[in-house]
Amino acid sequence: MAPSYGRTLPNTYVFLRLPSDIVKLIELKPNTIIEVGKYGTFPSNLLIGRPYYTTFEILDKREGEAHVRLRHVPAKELNAEVVAEYDAEVKDGDVGSETVDLDEQRVAAVEKDNRLTVDNATRQNLSHLEIEELKQTASGREIIDTIMANHNALDEKTAYSKAKYSLRKAKKYLKRFTVLPMEIGTLQDYVREKEPGRILEMREESLALITAWSNAHFSEALTSASADVQSGRWLAVDDGGGLIVAALAERMGILRKDEAEANVVSGSQNGDHSMPDAPAPTEDGPNHRDFPLPAASNTITNLHSMVQQNVSLLKFFGYDSNTPDTDHPLHDRLLPISWLQLLHPDQDPTYREPEVVNEGTLQTYKSGKKGTYYKKRRRWARCKAIVDNARAGGFEGLVMASHMDPANTLPHLIPRIRGGGHVVIYSPVIEPLVSLMDLYSRERRAAYISALSQRPDEVPSTEDFPLDPRLLLAPTLQTSRIREWQVLPGRTHPLMTSKGGSEGFVFTARRVIPLEGGVEARGNFGRKRKAPGDTGGTVGE
């Protein structure tokens, strides 16, 4: 998942990867101080406009300076230790003896172990006070070199043990961090580490399966000749804080602003305050875009069970439903709809048309009351357009990640998917999806068709067939989980520090439209004429 921009922008969210492999989420607000725990603080302005995937080191304040400085750590310095170890292996011996020397060193490294090594505090010549004094005057790399030089048993350690020791000291004393962009994979790992239940314990590999099978993609806007037919419409049921919506929006190219628009916004925040053109008035009043009408293509209809949709994770990508940005692509392409509006729209107060006031009475209203009237009309027009389009169906696919039982919700959703559309359902546990596999199995479909052929005028009992098994084809249940391994000579095994949690399962199928009526075969089916001399028996040996 590639980042949207190559450099950091003000008022955006980024990740800082610390030497301890901890990822910290921050918001780059201009003229503020960013805290990175024990590593110190630095002004946010020093980080704005810098490229991503760059490593910086926090330097101490000089005399007369108000804040610390950041030093860009080049890649050569980051890889200095690896290059030094490689040079130490090959610097001795000519070309003919190089392979022999390296083989002997590898054998010695494998045979050497730490069974006779006693590693305790007495092996370090520096005291705690001396190390604390050293931290006030020296840099992080100088502290590590001094500590390793004063270790009495460093030669007794194996090469792997030395690397672990050096890495442990680097995580403790180096004041470095790497700037990472706001990507869905990184955000998913961050939220899963903090609040796994917020995203239904969904792993990155499970999200990759969901987005791949959903077939979500950018769709070109249709011409005016076929403007009544909408394209690129996906139906989502997202109870994961907006993670599914964000993943679909990224594949459709509507998750982030264009870089040119973002540069205009950042320029206005730095002092370029240009007045935008006034919006053109409409029949219902000024077009304030607080309740915009849905776009014609590339839309995501998010079905939720609350009063408002929960897409809080989208704020990290510049979209906030409480304070919408009219320039964001999701402003008129993310369409929220509740279950009440989908199933019983007449019972929803928002769907009911407000009272229409004639022009003469409207002119007598004060500005506040007139604005409230226009706002109600815009909210009703948007709600009616979203509900009517959703109830009409024709969605390209369905992506569902919810706590609700899919066997109870699919009867209301499958008929609204067009023929050939993709159906993808995620569940943290396997039991609901196993039941769904049985309901759409080939045996149950054959029994359903047989029941229809016997009684064409009656629908089979819902007790035997809770769902119509003819509507989905090729149901598949799958899972995927990446396990990290340590690969070392004689010490290859899975990492024991992997985080547990739910495995995560994905159900996929294709929407099909059953053929109305029976299938009849017509024609002459006479027996094939035998060839001359053919007796129809077996050939003798």
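A salt bridge is a side-chain nitrogen of Lys or Arg within 4 Å of a carboxyl oxygen of Asp or Glu. The legends below describe close-up views of a predicted model.

**View 1. The salt bridge between Glu458 and Arg455.** In this pair, the closest N and O atoms of Glu458 and Arg455 are 3.5 Å apart, so the contact falls within the 4 Å cut-off.

**View 2. The salt bridge between Arg198 and Glu195.** A distance of 3.5 Å separates the closest N and O atoms of Arg198 and Glu195. Arg198 is partly exposed, its relative accessible area being 28%. Glu195 is likewise partly exposed, with a value of 45%.

**View 3. The salt bridge between Lys175 and Asp60.** Here the closest N and O atoms are 3.7 Å apart. Lys175 is found in the loop that runs between α6 (159–173) and β7 (176–180), and Asp60 in the loop between β5 (55–59) and β6 (69–72); the pair therefore ties together parts of the structure that are 115 residues apart in sequence.

**View 4. A network of salt bridges.** Four residues, Glu57, Arg71, Glu77 and Arg176, are linked to one another in a network of salt bridges. Side chains of opposite charge can pair when their charged atoms come close. Across the whole structure, a search finds 17 salt bridges.

**View 5. The second largest pocket.** The volume of this pocket is about 920 Å³. Its lining is made up of 24 residues, of which Asp189, Arg192, Glu193, Glu484 and Lys499 are the closest to the centre. Two elements, α7 (184–194) and α8 (204–214), each give two or more residues to the lining. The largest share comes from α7, which supplies seven residues. By residue class, the lining of the second largest pocket comprises 12 charged, eight nonpolar and four polar residues.

Definitions and conventions
Residues numbered from 1 in each chain as written. Predicted model: local features only at pLDDT ≥ 70, side-chain atom pairs only at ≥ 80, totals over all residues. Heavy atoms only, no water. 1 Å grid on protein atoms, 1.4 Å probe; cavity = no way out; pocket = protein on both sides within 12 Å on 5 of 7 lines; lining within 4 Å. Points joined across faces, edges and corners; volume = space filled by probe spheres on them. Helix = DSSP H or I, 4+ residues; strand = E, 2+ residues; numbered from the N terminus. Nonpolar A, V, L, I, M, F, W, Y, C, P; charged D, E, K, R; others polar. Buried < 20%, exposed > 50% of the residue type's maximum accessible area, 1.4 Å probe, protein only.
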